[in-house]
Amino acid sequence: SSDLALSLLSGCSGSMRNVDLPAPEFSTTLGPSDEFELRIVPTRDGIPKTFQVQPDGMVSVPYLDRIKVAGLEPHEVEKLVRSELIKREIFTDPSVSVVVAAYKSKKVEILGQVSKPDAYPFTQGMTLLRLVSLAGGTKELADDDAVTIRRRLKNGTVKVVEVSIDDIIANRMPDIPLQAGDSVNVPKTPL
């Protein structure tokens, strides 16, 4: 009976088309414009608690001046700050915690025949249809059957797939989960 339900959901085609695109990977490394809270205990009142990673990947931390945090996981920033505080003999046994407030460096871009082509902040769980919606939908001349998604893989190669927004809307294929760094292009319909 699940095959029947799937068949009904997929417009009676019998099965959904799958896309040959690796599952998205969610990265929690910090990058430029990301914001995080840093707590150091013990500390004095009046010390800033919220920090933003600068374009060069650096952040100014109380007691330590500027340190490079871009490319580090939050727990790695905690270890770095803690070890530097101890090494510089500022504290003997500090407790350091980092909580990311916003990953503003994580973006997905959409180009071509959409109302508002741009780079949009990535949120975990974002899909192709959600991105198209954020971009104001496709234009009248858009070729909804030839949308390309470019994804950089861990090994450095770029995987490109072509998908149909119309097939996703008609449940002939699942919506495509995106990952930070994906680039989507909605081409113009060939004349």
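Colleague: Which strands does helix 2 lie across?
Modeller: Helix 2, residues 74–87, lies across strand 1 and strand 5. The helix runs at about 145° to strand 5. Keep in mind that this is a predicted model.

Colleague: What is the strand order in the open sheet of three strands?
Modeller: The order is 2-1-5, and the pairing is antiparallel.

Colleague: Which strands stand at the edges there?
Modeller: Strand 2 (50–52) and strand 5 (95–102). Each has a single partner strand, so one side of each is left without a neighbour in the sheet. From one strand to the next, the twist averages 30°.

Colleague: How many bridges join strand 1 to strand 2?
Modeller: Three, with strand 1 covering residues 35–41. These two strands run antiparallel. Within that pairing, Phe36 has Phe51 of strand 2 as its bridge partner.

Colleague: And strand 3, in what sense does it pair with strand 4?
Modeller: Antiparallel, over four bridges. Strand 3 is residues 58–61 and strand 4 is residues 65–68. Val61 has Asp65 in strand 4 as its bridge partner.

Colleague: How many residues lie between strand 3 and strand 4 in the hairpin?
Modeller: Three. Tyr63 sits in that turn, with a positive phi of about 75°.

Colleague: OK, new topic. What about the open sheet of five strands, what's its order?
Modeller: It reads 7-6-10-8-9, and the pairing is mixed. Strand 7 (118–121) and strand 9 are the edge strands, each pairing on one side only. Here the twist averages 20° from one strand to the next.

Colleague: How many bridges join strand 8 to strand 9?
Modeller: Six. Strand 8 spans residues 147–152, strand 9 spans residues 158–163, and they run antiparallel. Arg152 stands opposite Val158 of strand 9. Thr148 stands opposite Glu162, also in strand 9.

Colleague: Which residue takes a positive phi in that hairpin?
Modeller: Gly156, with phi near 95°. The hairpin has five residues between strand 8 and strand 9.

Colleague: Let's go inside. How many residues are in the largest nonpolar core?
Modeller: There are 23. Those with the most contacts inside the core are Ile110, Leu128, Ile149, Val163, Ile176 and Val184.

Colleague: Which elements give two or more residues to this core?
Modeller: Strand 6 (107–112), helix 3 (128–134), strand 8, strand 9, helix 4 and strand 10. Helix 3 gives the most, with three residues.

Colleague: Where is Met173 found?
Modeller: In the loop between helix 4 (165–169) and strand 10 (183–186).

Colleague: Is Met173 buried or exposed?
Modeller: Buried. Its relative accessible area is 1%, which is why Met173 counts as buried: the cut-off is under 20%.

Colleague: How far apart are Met173 and Val19 in space?
Modeller: 8.2 Å, C-alpha to C-alpha. In sequence they are 154 residues apart.

Colleague: Zooming out, how many helices and strands does the chain have?
Modeller: Four helices and ten strands. From the N terminus on, they run α-β-β-β-β-α-β-β-β-α-β-β-α-β.

Colleague: What share of the residues counts as buried?
Modeller: 34% of the 191 residues. The chain exposes about 11,000 Å², with 52% of that supplied by carbon and sulfur atoms. Of the contacts with a separation of 6 or more, 56% are between residues 24 or more positions apart.

Colleague: Last one, confidence. What pLDDT does the chain average?
Modeller: The average is 87, and 88% of the residues score at least 70.

Colleague: Which element has the lowest mean pLDDT?
Modeller: Helix 1, residues 2–9, at 37. Strand 10 has the highest, at 97. Over residues 1–14, pLDDT stays under 50. The model has ten contacts beyond four places in sequence for that stretch.

Note on methods:
Residues numbered from 1 in each chain as written. Predicted model: local features only at pLDDT ≥ 70, side-chain atom pairs only at ≥ 80, totals over all residues. Heavy atoms only, no water. Pairing = 2+ DSSP bridges. Axes fitted to C-alpha atoms, helices over the stretch in contact; angles between N-to-C directions. Contact = heavy atoms within 4.5 Å. Buried < 20%, exposed > 50% of the residue type's maximum accessible area, 1.4 Å probe, protein only. Areas by Shrake-Rupley, 256 points an atom, 1.4 Å probe, with all protein chains shown as cover. pLDDT = per-residue confidence, 0-100. Core = buried A, V, L, I, M, F, W, Y, C linked by side-chain atoms within 4.5 Å.
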